[in-house]
Protein chains: 2
Amino acid sequence: MANQPEHIVKSYSDDLRRLRELVARMGGLAERQVADAAYVLTRRDATAAAEVAARDAPIDGLEREVESFCVRLLALRAPMAADLRFIVAAMKISQELERIGDYARNVAKRVMVIAQQPNLVGLGTFEALSQLVQRNLKDVIDALLNEDAEACRRVWASDVAVDDIYNGLFRQLLTHMMEDPRNITAATHMHFIAKNFERIGDHATNIAETVYFSITGQNLPDERPKVEAPGDLSPSDA
Amino acid sequence: MANQPEHIVKSYSDDLRRLRELVARMGGLAERQVADAAYVLTRRDATAAAEVAARDAPIDGLEREVESFCVRLLALRAPMAADLRFIVAAMKISQELERIGDYARNVAKRVMVIAQQPNLVGLGTFEALSQLVQRNLKDVIDALLNEDAEACRRVWASDVAVDDIYNGLFRQLLTHMMEDPRNITAATHMHFIAKNFERIGDHATNIAETVYFSITGQNLPDERPKVEAPGDLSPSDA
């Protein structure tokens, strides 16, 4: 056995562990990107933002690595039941994490444009929004590693708080634009930044659903709790 | 044989054909949602918009059907090579189509809010944007059915025109907001509508990449052509 190439000696359970580690590493990189995007926004640091914006390639590379590893496992191991669910989940999660990386990069790119603007409002609220989203992302990656279905349900339900903060920010930015037309360009970019964080939260929720299904074989309910703004469309909804 | 249950009699190639049809049907529903969202926007029809916004469930249902059908195929048929690539592609494409349905619904929800506003600008440009996106979506679903790798490459390259129109619209809406603060709320929703169409275009491009890989076993290049606005960040990029 000792002289056989590694890929033959390796056991199936080693392969599955390696897949879990690959997805966790991708999750860690995505967390890092989101944290850095939030950091450069609150510090208004255009130089650091340019570095964050340029740092998307490793996540994209890992997405391809996860997919081709999954395809190899499917072809060579003919997995069944929970293992098969896990492999399908890993592919879906890597797609979600790749999107999260995109959104974080987009935040960083917009920060490059607006960092020097004098009148940026709501930076404290942005910090609250991004921290909540970061915590959900971290919790859902932990849930994947610990196979913790209850943690998935918690993340899935807490997205309502993300929507709540986002809706407040939406109104604050509108008011700011109306007060002075010179605020419009920067505030428009900030609308999109807020939307990017809100979408990162959505993707964390999607991952929570996927991990939950992978662990339990059951779906979470179709509709998750949603904040509806009184009397009109909730902006987070649209 | 005649007395055996259908799922045993059915051949593997029937299963693969059925999977292709499921994805094509999902693609048709997504095309329809995007077309209807564009229609209610240009007609400013809030009532029809509410109907479009309520009509998302069939696409979500089909996504689950595609996934569970794929998982069954993987478990029962242990597919190899091109068949395995196609099954993995079907799962990825169904995830993209579900997102496209979400974006179309989001457009419809925002139309419900702004339909009665007096000063909506750029509706003609929105029509051009949505038609280009619709054509790309249609072409890429056709490419999937016809296994046409060249058509995938064409869709993938033509997304540059989508970005171009989107960038013009971004500037037009900013100017409109600066001219009169009363335009700000509606124009902000229109910014997000434009972004939704632009993202639908991105997802059509992602599908083109996935179909191309499924057919050829090769990836399209990492970077596709991008329009950079002169002197600053291209808004479509961020």
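This tour moves through a predicted model of two chains, from the annotated regions of one chain to the interface and its axis. Residues are numbered from 1 along each chain as its sequence is written, and chains are lettered from A in the order in which they are written. Local features need pLDDT of at least 70, side-chain atom pairs count only at pLDDT 80 or more, totals for chains, interfaces and linings use all residues, and side-chain values use heavy atoms, without hydrogens and water.

**Stop 1: the annotated regions**

Select residues 23–111 and 129–211 of chain A, which an unreviewed UniProt entry annotates as "domain: PhoU"; such annotations may be inferred rather than shown by experiment. Residues 23–111 are 91% helix and 0% strand, with end C-alpha atoms 28 Å apart. For residues 129–211, the figures are 93% helix, 0% strand and 23 Å. Helices here are DSSP runs (H or I, at least four residues) and strands likewise (E, at least two), numbered from the N terminus.

**Stop 2: a salt bridge within chain A**

Next, display the side chains of A:Asp15 and A:Arg77, whose closest N and O atoms are 2.8 Å apart in a salt bridge (a side-chain nitrogen of Lys or Arg within 4 Å of a carboxyl oxygen of Asp or Glu). Because A:Asp15 belongs to helix H2 (residues 12–43) and A:Arg77 to helix H4, the pair ties together parts 62 residues apart in sequence. Over all chains, the structure holds 26 salt bridges.

**Stop 3: the interface**

Now select the residues in contact (heavy atoms within 4.5 Å): 44 from chain A and 43 from chain B. About 4,100 Å² is buried between the chains, 59% of it from carbon and sulfur atoms; this is the accessible area (1.4 Å probe) lost on being put together, summed over both parts. Highlight A:Gln95, A:Arg99 and A:Phe192, which supply 14% of the area that chain A buries against chain B, more than any other three residues.

Two salt bridges link chain A and chain B. In one of them, B:Lys92 meets A:Glu67 at 2.6 Å, N to O. Colour helices H4 (57–77), H5 (81–114), H7 (149–179) and H8 (184–216) of chain A, the elements that each give two or more residues to the side touching chain B.

**Stop 4: the axis**

The same surface serves both copies, as 98% of the contact residues of chain A recur in chain B.

Conventions: Buried area = accessible area lost by both parts, 1.4 Å probe.
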